[in-house]
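Please look through the model shown below with me. The questions after it begin with a single residue and then widen to its surroundings.

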Amino acid sequence: MACLWCAVLGATITHWQLDTWAGLAFIPYLAWVSVAAALTLSMVRLNPDQKPLDIANL
C-alpha cells in the first residue's frame with residue numbers, strides 16, 4: 001500500500017509539473033488511496049489475532 005501511495009504521489013507531482021489540470025486530476029485518486037490505506041490499517045489493528053487468508057488451500 002505504501003508503494004502504491006508513493007507511486008500515485010510521484011505521478012501527481014510529475015503530472016502537475018507538465019500541466020496543472022493533469023496534476024489536479026490525480027488529487028482525488030491520491031485521496032482515495034489514502035482512505036483505503038487508513039481503512040486497511042484500522043481493519044488490521046482491530047483484528048490482531050486474525051491470520052491472512054491462505055488462498056492456496058481454499
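Q: Is leucine 24 buried, partly exposed or exposed?
A: The model is a predicted one, in which local features need pLDDT of at least 70, side-chain atom pairs count only at pLDDT 80 or more, and totals for chains, interfaces and linings use all residues. Residues are numbered from 1 along each chain as its sequence is written, and side-chain values use heavy atoms, with hydrogens and water left out. Buried means under 20% relative accessible area, exposed means over 50%, and partly exposed lies in between, for a 1.4 Å probe and protein chains only. Because leucine 24 has a relative accessible area of 35%, its class is partly exposed.

Q: In which helix does leucine 24 lie?
A: Helices here are DSSP runs of H or I with at least four residues, numbered from the N terminus. Leucine 24 belongs to helix α2.

Q: How are α1 and α2 oriented relative to each other?
A: Helix α1 covers residues 2–18 and helix α2 covers residues 20–46, and they pack with their axes 7 Å apart at an angle of about 165°. Axes are lines fitted to C-alpha atoms, for helices over the stretch in contact, and angles run from 0 to 180 degrees between N-to-C directions. Since angles over 145 degrees count as roughly antiparallel, the orientation of α1 to α2 is therefore roughly antiparallel.

Q: How many residues of the contact of α1 with α2 are nonpolar?
A: Contact means heavy atoms within 4.5 Å, and among the residues that make this one are Leu4, Trp5 and His15 of α1 and Gly23, Leu24 and Phe26 of α2. Ala, Val, Leu, Ile, Met, Phe, Trp, Tyr, Cys and Pro count as nonpolar, Asp, Glu, Lys and Arg as charged, and the others, Gly among them, as polar. In the contact of α1 with α2 there are no charged residues and five polar ones, while the nonpolar number 13.

Q: Which residues does histidine 15 touch, not counting those up to four places away in sequence?
A: Histidine 15 is part of helix α1, and at 30% relative accessibility it counts as partly exposed. Leaving out residues up to four places away in sequence, histidine 15 touches Ala22, Gly23 and Phe26.

Q: Which residues of α2 are buried?
A: Among what covers the buried residues of α2 is α1. The buried residues of α2 are Gly23, Leu30, Val33 and Ala36.

Q: Is leucine 53 buried or exposed?
A: Leucine 53 sits in the segment after α2. Because its relative accessible area is 65%, leucine 53 is exposed.

Terms used:
Helices (H or I, at least four residues) and strands (E, at least two) are DSSP runs, numbered from the N terminus. Angles under 35 degrees count as roughly parallel, over 145 as roughly antiparallel, 65 to 115 as roughly perpendicular and the rest as oblique.
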